[in-house]
Amino acid sequence: MQLPYELILGWRYTRAGRATRRNGFISFISGVSMLGIALGVAALIIVLSVMNGFQKEVRDRMLGVVSHIEIFAPNGEALPDAARTLTQVRANPAVIGAAPFIATQALLARGEDMKGTLVRGIDPAREGEVTDLALELKNTGLNRLTPGEFGVVLGAELARSLGVIAGDKVTLVAPSGQVTPAGVVPRLKQMTVVGTFDSGHFEYDSGLVLMHIEDAARIFRLEGPSGVRVKLRDLHQAREVAAQLAGSLTDNLLIRDWTRQNRTWFAAVQLEKRMMFIILTLIVAVAAFNLVSTLVMTVTDKRADIAILRTLGASPASIMGIFVVQGAMVGVIGTLAGLALGLGVAFNIDVIVPALEQLLGASFLPRDIYLISRMPSDPQQADIVPIAAISLVLAFVATLYPSWRASRVNPAEALRYE
């Protein structure tokens, strides 16, 4: 099949100039534009992939403690019928696990040290259905939570701040006190620390207390569980499933999914990603608009060629198409090179970063600060496709004005001094 001559000439102008001194500078500027586009696209892919990786790492650690959906009674009261609620929840095909719980706030004291905590009463036999942390603690801490013995499992940071280890005693101060002739007296209960957990998420490691659900019901004077924790087959469907459960549950209950529990944090991450996308896109834009100067110089250099083509019958649209092809080729090659480089680094960052750390003798992610020792990366199609599209569009837009100027060249004026 015969290719249009606009494509042939455009490609020829793109790769011309390397062997001749006259066009060498134009070729150099074209190469710089191509390199700039490639580096900008690669930087965008790498940065967004690393941000996605950190977000996924934090989310996974968070969901190791937090369930996908929580269903609870208003004002912290007990569920009207916990068995019926569990049955209705498990009837949803998207649900793969459900467990009852009691959640409230309390003070935890040891000596003069006192910390505000979130107390969660759980059923050790069922908790593994809804959180990964429970599966990890199944053979260490949770199996020691037996009803009537009032044992607690503390977050590692909370235990460290109180200076306690397994076997030590702590005092739990319930929020509602006992009314006596002398006034309201806070209700105190001595608890035994039976274990600790480290979820990798400071908020929960420094403030969460786990105990048996029956002990929690006695201490906080509840007739049963105050809610149900739910695990889904697909965590990304949490909002949709929460809406379905809201319509299927008989009792008047409140429903909260994991995205709403940490809405501020996720909103902040999304804002950071958008700002990084905009900032790094400017790098691609600067490189793409370098094509303007490249094409302007090319048009000036090729005025005689343009005039000859016009006298041979080429239309202004064909002349414009030649230089659009030239600029578009630079954009396409630069974008493809950037995609290859960016994806190559993003998918192999777990090898590249340790090699750089060993070469420079430095640690980019100290484990005692970031809680993770490797650089996470999660390239996503939803980020990569817009990056490539924006790069190509910017390169195409940059070609329009110089190409239009080329189509307006007057053949007589161009050939007068040739």
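## Basis

Residues are numbered from 1 along each chain as its sequence is written. In this predicted model, local features need pLDDT of at least 70, side-chain atom pairs count only at pLDDT 80 or more, and totals for chains, interfaces and linings use all residues, while side-chain values use heavy atoms, with hydrogens and water left out.

## Helices α11 and α16

Helix α11 covers residues 263–301 and helix α16 covers residues 381–407; the two pack at an angle of about 25°, with their axes 8 Å apart. That makes α11 roughly parallel to α16 (angles under 35 degrees count as roughly parallel). The crossing of α11 past α16 is right-handed.

Contact means heavy atoms within 4.5 Å. On the α11 side the contact residues include K273, F277, F289 and V299, and on the α16 side they include D383, I387, P402 and A406. The residues of this contact between α11 and α16 divide into 18 nonpolar, 3 polar and 2 charged. Ala, Val, Leu, Ile, Met, Phe, Trp, Tyr, Cys and Pro count as nonpolar, Asp, Glu, Lys and Arg as charged, and the others, Gly among them, as polar.

## T131

T131 sits in the loop between α4 (124–127) and α5 (132–137). T131 has a relative accessible area of 2% and is buried (under 20% relative accessible area, with exposed over 50% and partly exposed in between, for a 1.4 Å probe and protein chains only). Apart from neighbours within four places in sequence, T131 is in contact with G64, V65, V66, S67 and R229.

## P186

P186 is found in the loop between β7 (183–185) and β8 (188–197). With 47% relative accessibility, P186 is partly exposed. P186 and A174 lie 12 residues apart in sequence, and their C-alpha atoms are 6.8 Å apart in space.

Key
Axes are lines fitted to C-alpha atoms, for helices over the stretch in contact, and angles run from 0 to 180 degrees between N-to-C directions. Helices (H or I, at least four residues) and strands (E, at least two) are DSSP runs, numbered from the N terminus. Angles under 35 degrees count as roughly parallel, over 145 as roughly antiparallel, 65 to 115 as roughly perpendicular and the rest as oblique. A crossing is left-handed if the near helix is turned anticlockwise from the far one by less than a right angle, and right-handed if clockwise.
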